[in-house]
Amino acid sequence: KPGQALIVVVALFALATTATTIMSAHSESSKTEVILVRHGECEMNLEVADKVGGRASASPLTAKGEAQASKLGRWLRSRGVRFDRVVASTAVRATRTAELMLAELENPPQLELEASLEEMSQGEWEGQPRSECYNAKTVAEIDADPRGFTAPGGESKADVEARAVQAIEKYARAGERTCIVNHGIVAKCFLRHVLQSDWASLHEVGLENTGLMRFTHNWAGRWRVESVNETPHLCSDL
């Protein structure tokens, strides 16, 4: 619903504008924290204006994407941020982002890889012209069922959300800080799950390359959104 989607976007904007408060150097002993990091810019990102991207697991980082990942690591180190665990999608762009980030940290944990964190599959549409796939009929079908629409041979957003929630909660540990390097739709689906927002609002959330989303798990057993699309490292001279 437009009204509900607008409320969600306004709330997320307010969270993003307060992102400069960000992380303390050490987690409170009782706090469970998960930080989702979108991968750095990759070659596929440069083509999505014309082509359907989707999973594109082999797409490498661009030079800009590598610089973004390294800057993120230096920014985290400058603030004394430490992770108990770092997990990345098995896609090349996510794994490389995590490696470059970890290379800048002091005493980083061993990188773990998780295939179920890969980006949404668009099946037969991947690499095809967007204008051909997203015609008027298809757009109407997506608008009618944003939760369950599936490209031929691909996944629905409901499919992605189910595996994203399972994977993220698998690696979250009580009292620890976990960093998960993943993908735009995966992160947004987890955000939608936490907020229980309208499915149509998912694409109204901005998330830049190497942008952070922070979540904490509270005493009542519920996830709390702390920030969305934190990118201070991209503005810093590091």
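Before the packing, one definition: contact here means heavy atoms within 4.5 Å. Also keep in mind that this is a predicted model.

I start with helix α2, residues 63-78. Its buried residues pack against β1 (32-38), α3 (92-103), β5 (212-217), β6 (223-230) and α8 (232-235). Which residues of α2 are buried? They are Gly65, Gln68, Ala69, Ser70, Lys71, Leu72, Gly73, Trp75 and Leu76.

Now the geometry. With 16 residues at 1.5 Å a residue, α2 should span 22 Å, and its end C-alpha atoms are 23 Å apart, so the two values agree. After α2 comes Gly80, with a positive phi near 70°.

Why does Ser70 count as buried? Its relative accessibility is 13%, and buried means under 20%. Setting aside neighbours within four places in sequence, Ser70 is in contact with Leu100 and Glu104.

The other helix is α6, residues 157-171. The same check applies: 15 residues at 1.5 Å each should span 21 Å, and the end C-alpha atoms are 21 Å apart, which agrees.

The buried residues in α6 are Lys157, Ala158, Val160, Glu161, Arg163, Ala164, Val165, Ala167, Ile168 and Tyr171. What do they pack against? The partners are β1, β2 (85-89), β3 (111-114), β4 (177-182) and α7 (184-195).

To finish, β1 is on the list for α2, and β1 is on the list for α6 as well.

Definitions and conventions
Residues are numbered from 1 along each chain as its sequence is written. This is a predicted model: local features need pLDDT of at least 70, side-chain atom pairs count only at pLDDT 80 or more; totals for chains, interfaces and linings use all residues. Side-chain values use heavy atoms; hydrogens and water are left out. Helices (H or I, at least four residues) and strands (E, at least two) are DSSP runs, numbered from the N terminus. The expected span of a helix is 1.5 Å times one less than its number of residues. Buried means under 20% relative accessible area, exposed over 50%, partly exposed in between (1.4 Å probe, protein chains only).
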